[in-house]
Amino acid sequence: GGVTFPAMASRFFASYYLAHFAMVASYPILRMLTDSSKLQENWPARFPKEDQILLTLGVMSMTRIYKAATPEEFLSTLFTFFKIAYFCLFFCIHVRYAILFSIFLIVIWVCFQQPEYKGPSKVTEIRSSTQYQDCLNESPHVIWLMEVYSRTNQECLNFSPLWAQLSLKYGNTNLRFARIHAETCIPVARQLNVDVSGVSLELPTIILFKKGEEVGRLPTETQKQSWRRTKLTKAVVEKYFSLGQLSEEAEKVAAKKQK
């Protein structure tokens with residue numbers, strides 16, 4: 001189950017991404033068509049406003065762009081950089097351009113939703129409390145790694161390709177990956193003590209179950225108390241849950257059952 005480049009690239013031809021690519025092109029086009037002399041004024045430093053804005057925001061965004069775990073997260077961070085930078089640049093040219101650009105961003109936000117990942121995956125989709133209980137009660141030999149997920153949370157959408165990739169690499173008969181849809185499993189989210197509100201910093205949350213009982217989670221209870229969002233990368237998830245070792249243990253149990 002590897003993902004080919006054409007299959008991966010096709011995800012970014014969705015209307016959401018095309019609208020954002022149009023947004024990225026808006027400033028260079030308008031700059032050529034209008035008087036942008038104000039951007040060349042040297043205030044407050046000794047180089048043009050345009051350079052100051054792009055350099056300052058670029059430096060602030062560089063770390064997040066560099067540490068992006070998926071192409072979706074990379075583009076999401078890049079789009080945020082362009083939105084802030086372009087608003088400042090348009091405002092410097094004339095306030096009416098900043099207002100029009102803001103309206104354009106609102107239209108994108110209202111009309112175009114970031115698409116969900118639809119590629120190769122071994123992730124079980126859990127959409128009800130009954131299905132959640134059935135999975136945990138299926139067999140004491142099955143280890144479950146479950147992600148609490150929300151369709152409206154951008155961090156969850158950006159993490160989805162990575163979760164699918166981990167399921168393909170480590171998933172087997174006795175080590176299974178799942179995704180709990182918070183919108184239809186609100187009682188489950190409450191039972192697991194995961195905040196799924198629109199301002200939550202706990203999504204996505206990954207929980208490890210053995211014999212139907214929770215034995216670990218990311219972000220941890222300590223991390224949940226922090227005002228900063230816990231960064232879930234491939235390396236962080238693999239290390240915290242010891243996925244290589246966990247997968248081997250699950251395969252050994254499956255082999256013993258077959259004998």
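F91 lies in helix 4 (71-93) of this predicted model. Helices (H or I, at least four residues) and strands (E, at least two) are DSSP runs, numbered from the N terminus. F91 is partly exposed because its relative accessibility is 48%. Buried means under 20% relative accessible area, exposed over 50%, and partly exposed in between (1.4 Å probe, protein chains only). F101 is 10 residues away from F91 along the chain, and their C-alpha atoms are 9.4 Å apart.

The model is predicted: local features need pLDDT of at least 70, side-chain atom pairs count only at pLDDT 80 or more, and totals for chains, interfaces and linings use all residues. Residues are numbered from 1 along each chain as its sequence is written, and side-chain values use heavy atoms, with hydrogens and water left out.

On a 1 Å grid over the protein atoms alone, a pocket is an open set of points with protein on both sides within 12 Å along at least five of seven lines, where a 1.4 Å probe fits; lining residues have an atom within 4 Å of a point. The volume of the largest pocket is about 770 Å³. This volume is the space filled by probe spheres set on the points, which are joined across faces, edges and corners. The lining has 26 residues, and Y16, S76, T80, K83 and Q154 lie nearest the centre. Helix 4 gives the most, with 8 residues. Helix 2, helix 3, helix 5 and helix 7 are among the helices that each supply at least two. By class, 11 lining residues are nonpolar, 10 polar and 5 charged. Ala, Val, Leu, Ile, Met, Phe, Trp, Tyr, Cys and Pro count as nonpolar, Asp, Glu, Lys and Arg as charged, and the others, Gly among them, as polar.

Strand 2 (residues 143-149) has 7 of its 7 residues buried. In a regular strand the side chains alternate between the two faces of the sheet. In strand 2, I143, L145, E147 and Y149 point one way, and W144, M146 and V148 the other. Strands pair if DSSP finds at least two bridges between them. Strand 2 pairs with strand 3 (residues 175-181) in the parallel sense over 7 bridges. Here M146 has A178 as its bridge partner. Strand 4 (residues 205-210) runs antiparallel to strand 2, with 6 bridges. I143 stands opposite K210 in strand 4.

A search of the whole structure finds 0 disulfides, a disulfide being a pair of cysteine sulfur atoms within 2.5 Å. C156 counts as buried because its relative accessibility is 0%.
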